[in-house]
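Hi everyone, thanks for coming.

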Amino acid sequence: MPSKKALIRRPSPRLAEGLVTHIERTPVDADLALAQWEAYAEALRAHGWETLEVEPADDCPDAVFVEDAAVVFRNVALIARPGAESRRGETAGVEEAVARLGASVNWVWEPGTLDGGDILKIGDTIYVGRGGRTNAAGVRQLRAAFEPLGARVVAVPVSKVLHLKSAVTALPDGTVVGHPPLVDTPSLFPRFLPVPEESGAHVVLLGGSKLLMAASAPKTAELFTDLGFEPVVVDISEFEKLEGCVTCLSVRLRELYA
């Protein structure tokens, strides 16, 4: 049976100090962010996911974006080495959490850098964004970790957004969705569906036809509904101010056999 576990991490009190790269900084309401995070976690649980809290990292403003700290394929976890040096303290707690779940643990080593937000898995294909946060050495180490397990690793240029999954994610049938002005090379994907809003490019597959997505993309939600999917909408406005999206607030573990 596939597992439905999701690692989540409570926002740091210093969340408002989180990094911004491609957008202008705007004030973040920490209390509202916490309420939004709790609603996000509840949405996962309401659709059959077991949420597991990683130890908080209150000194790391971006630690709530827990997806960046690890990549999991089958039963192997690759602990990231974030491209932003200020984020490297986030990985220890995530490493402990995945090890406790029985995953085999590997690491990205210097000079490699890799952020989990640069990884899009579709079946056995792993797309990896090569851009601001993930470098060529990180891509090579990702290949070394997962190709022996049957993965096909495809590097994708990323220059217009923070991470690959800031630009594209995928629907349950494998169709890649993205907002065209932010996608470097749509032709790299066998099937690409343009969406009308930036945050419409971000979906978490909850199971069946259900898609977790941000409230800031109502036109895209309508498009997905027309295509027979079921959007489950959450407001993550405070995290979007820090270039966050629905994917980066959890690590979904679908293939653990431990």
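**Spaces inside**

Let's start with the largest cavity: 20 residues line it, and those nearest its centre are Asp 68, Arg 87, Leu 162, His 163 and Glu 243. Before going on, please note that this is a predicted model, where local features need pLDDT of at least 70 and side-chain atom pairs count only at pLDDT 80 or more, while totals for chains, interfaces and linings use all residues. Residues are numbered from 1 along each chain as its sequence is written, and side-chain values use heavy atoms, with hydrogens and water left out.

Now, what is a cavity? On a 1 Å grid over the protein atoms alone, a cavity is a set of points where a 1.4 Å probe fits but cannot get out; a pocket is an open set with protein on both sides within 12 Å along at least five of seven lines; and lining residues have an atom within 4 Å of a point. Grid points are joined across faces, edges and corners, and a volume is the space filled by probe spheres set on the points.

How many cavities of 30 Å³ or more does a search of the whole structure find? There are two. The largest holds about 140 Å³ of space, and its lining divides into seven nonpolar, six polar and seven charged residues. For these classes, Ala, Val, Leu, Ile, Met, Phe, Trp, Tyr, Cys and Pro count as nonpolar, Asp, Glu, Lys and Arg as charged, and the others, Gly among them, as polar.

The second largest cavity has about 40 Å³. Its lining has nine nonpolar residues, one polar and one charged, and includes Val 156, Leu 164 and Phe 189.

Next, the open spaces. The largest pocket has a volume of about 610 Å³. Of the 28 residues lining this pocket, Lys 121, Ile 122, Lys 165, Arg 252 and Arg 254 lie nearest its centre. By class, that lining has 15 nonpolar, six polar and seven charged residues. The second largest pocket has about 240 Å³ of space. Among its 13 lining residues, Ile 23, Glu 198, His 202, Glu 240 and Glu 243 are the closest to its centre.

**The packed parts**

In soluble globular proteins, nonpolar side chains tend to be buried together. A nonpolar core here is a set of buried Ala, Val, Leu, Ile, Met, Phe, Trp, Tyr and Cys residues joined through side-chain atoms within 4.5 Å. Buried means under 20% relative accessible area, exposed over 50%, and partly exposed in between, with a 1.4 Å probe and protein chains only.

Which members of the 26-residue largest core touch the most other members? They are Tyr 40, Leu 44, Leu 212 and Phe 239. Helix 1 gives this core its largest share, six residues; helices (H or I, at least four residues) and strands (E, at least two) are DSSP runs, numbered from the N terminus. Leaving out residues up to four places away in sequence, Leu 212 touches Tyr 40, Leu 44 and His 202, among others, where contact means heavy atoms within 4.5 Å.

**A pair of cysteines**

Last stop: a disulfide is a pair of cysteine sulfur atoms within 2.5 Å. By that rule, the count is zero. Cys 245 is buried, at 4% relative accessible area, and Cys 248 counts as buried at 7%.
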